[in-house]
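Today I open a new structure.

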Amino acid sequence: MNRNSFKARILASGVVVAGMLTVVTGATGGAASAAAKSSPYLIGVPMPMTGAEAQAGTQIYNAELMAAQQINKKGGVLGHQLKLIEQDDACDAGTAVNAANLLVSKGVQAEVGGYCSGATLPAEPIIARAGIPYVMPAANSPELTTGGYKNVFLIDPSGAGDGAEAAAFFKQQGIKKIFIIDDQSSFGVAIANAAAKDIKANGGTVTGGVQSIPATSNDFSAVISQIKSSGAKGIYWSGYFAQAAQFATQLNAAGIIGAHGSAKFVVADGSVDATYLSGAGAAGNGTYATIAALASGVGNVLGTHADQVFNAAYRKEFKAAPGPYSTFGYDAITALVLAAKDAKSIAPARVIAKLHTLSFNGLTGKVSFDKTGNRLGAVMDLLEVVNGKYTLAKPQPKL
Amino acid sequence: MSLLLNEIGNGIFLGAFFGLVALGYSMVYGILRLINFAHGDFYMVAAFVSYTILGAVAVGHSHGHWWTVVWVGLVVMVITGALAALANQLIYRPMRRAAILSLMIAAIGLSQVLENGVLVTPHWGATYLVYPVTTPPRGFNLGSNHYTWGQLFIVLISGLLALGVYFLVGRTLLGKAMRAVSEDRIAATLMGINVDLVIAIVFFIGGALAGAAAVMTGVYYGQINYLMGFTVGLEAFTAAVLGGIGNIGGAVLGGLILGIVQSIGTGIFGAEWSIVVAFGALVLMLWIRPTGLLGERVARRM
């Protein structure tokens, strides 16, 4: 084969790849809004659509699409049709910065996105400079609201509550020695450190300091040996669900938790997902998770007083079950639109001002924000996995 | 002390995976001087293929029957080997006279095509998939560590496969042909060796080993996703360089050392240092012995 035909082949394969990518974006970008009389309301949606967190990102984005479609059917907001512009942040800081710049250059008048806090944090200053509202459906690292930005609003209550709830649980159980491990993500590290502080304040000890395992690692054996030799009776994981399932499985096989162990395994809200339950299987039974009470009662987590209408509509539209944070995506869009209606304008500065005073009943309960943009009324729930399902643990620990 | 011994045990288990994947890197490098960056993605594709086959044949057995896993493993080894050989035939063989750097870039391109190919394949996609069969938690205690029978089985299989490759390359006529091609491709052609066939077989064996590692990863760790090949590829490549790239024994030894160093690093310094310790060991090794542990024969043999 000569060089030229090889070049042609490379070119051809490039075209194939480009085609594949078009398919990917095409499949998720199907929210063609009807032509509006006035200009569309452009909303940037940075979300992980590829990479390890793509599943969660898609579930939130789909719910946002659904909200936008429903609003557009009723004539949009102040005559403007909503137009969501999705941009993949891949749960990666560098990609997220590019995505934020790209969205701003496309002239978006608001941003409604963010699942991974680590990818959301570096985008904050870019969005703040653009002077547009930044409503985050699921990113909830405590660091997100400490930057002093006036345009940031967290629909998912700050993760600082996760650590406090876990610490209260360990105290309730009389567990003094606790081993804490995170996944080196911005969210994981912040929650782990918050939990360590709360555990120490409750008179417990954090054996071996707060440990971090790379988010790409699937082998916890070295850490498990350390847990064994430390004699810790409580294990706290602040990373995401896929690793949580592997950690639980390996802890169970090592006889630390489950039928042959006496330790308690608790995970933060990043690990609340159906994939945790199926991945951990029987090893997941008797493990615990903390999550905002607003999140646990809706969507798929507990299944109690779930918004049946939302679930049914979502399933019909996307042929799949919504994720635990789908309703947060829906409420994020609703919050933005209601603020714009209050402001009688989609001018970013006026929408931001109205978001601060906004209060409405969304799918995730009452939505209102404190001065820094944190969701108010952030009560935590402790969930226990029983027979492969999340249940509300009894009794709930007292903070 | 017992923590140290436990971490060595953990490291040997981890190293068994690194070693198997490293063998594929090392053999291809030995024969073509090519660092095949797509190798980790052969492993990833194998994990998805075995996921689909096992899902179809092992329904209802959460722990499966071990012989089901074994025959599916063998089938997947053949499929992955064929995939690697096909990649060689379609991509690397036409480029054989090109600069080695072009081949490496083509390998990176192939890696992207495989990852995104799995991403857009129906039923595979971007999500974490839960492997249909997992090893049961039963096992034995050694020191204060608990090992499962599955872990022991995985280490034994890895050892047997590595021994098989060692024997094949060192003791058989085919192995002699591989070494001849590695040493001087033109002279080997003149001696009547079918160079293209030998290279294709090397790719096949490397792919098959990655396939075996993928099935074992699936049944032990229980989850797969389309980016899993990257991390493993990086670690296996490190193992291959540590042991002396191009050397069969070196790849296995490098894998074991990397696994043990990572585990001990975690035990002593904490999990956040495991990668720093592993790559620190690599830098130190390359500083003392730039050819890697067993790398002195790299110029002459595989």
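**Ground rules.** I am reading a predicted model, where local features need pLDDT of at least 70, side-chain atom pairs count only at pLDDT 80 or more, and totals for chains, interfaces and linings use all residues. Residues are numbered from 1 along each chain as its sequence is written, while chains are lettered from A and ligands numbered from 1 in the order in which they are written.

**Chain A.** I looked up 14 helices and 14 strands in chain A. These are DSSP runs, with helices H or I of at least four residues and strands E of at least two, numbered from the N terminus. Of its 399 residues, 58% count as buried (20 or more other C-beta atoms within 10 Å of a residue's own, with C-beta atoms placed from the backbone).

**Domains.** Chain A splits into domain 1 (36-156 + 325-367) and domain 2 (160-299 + 380-392). The bounds come from an automatic or database domain assignment. Their centres, taken over C-alpha atoms, are 30 Å apart. I find 15 residues of domain 1 in contact with 13 residues of domain 2 (C-beta atoms, placed from the backbone, within 7 Å). On the domain 1 side, α4 (117-120) and α13 (326-343) each give two or more residues.

**Chain A against chain B.** How many residues does each chain bring to the contact? Chain A brings 42 and chain B brings 38. On the chain A side, α8(A) gives the largest share, seven residues.

Notes. Two residues are in contact if their C-beta atoms, placed from the backbone, lie within 7 Å. A residue is buried if 20 or more other C-beta atoms lie within 10 Å of its own, exposed if 12 or fewer, and partly exposed in between; C-beta atoms are placed from the backbone.
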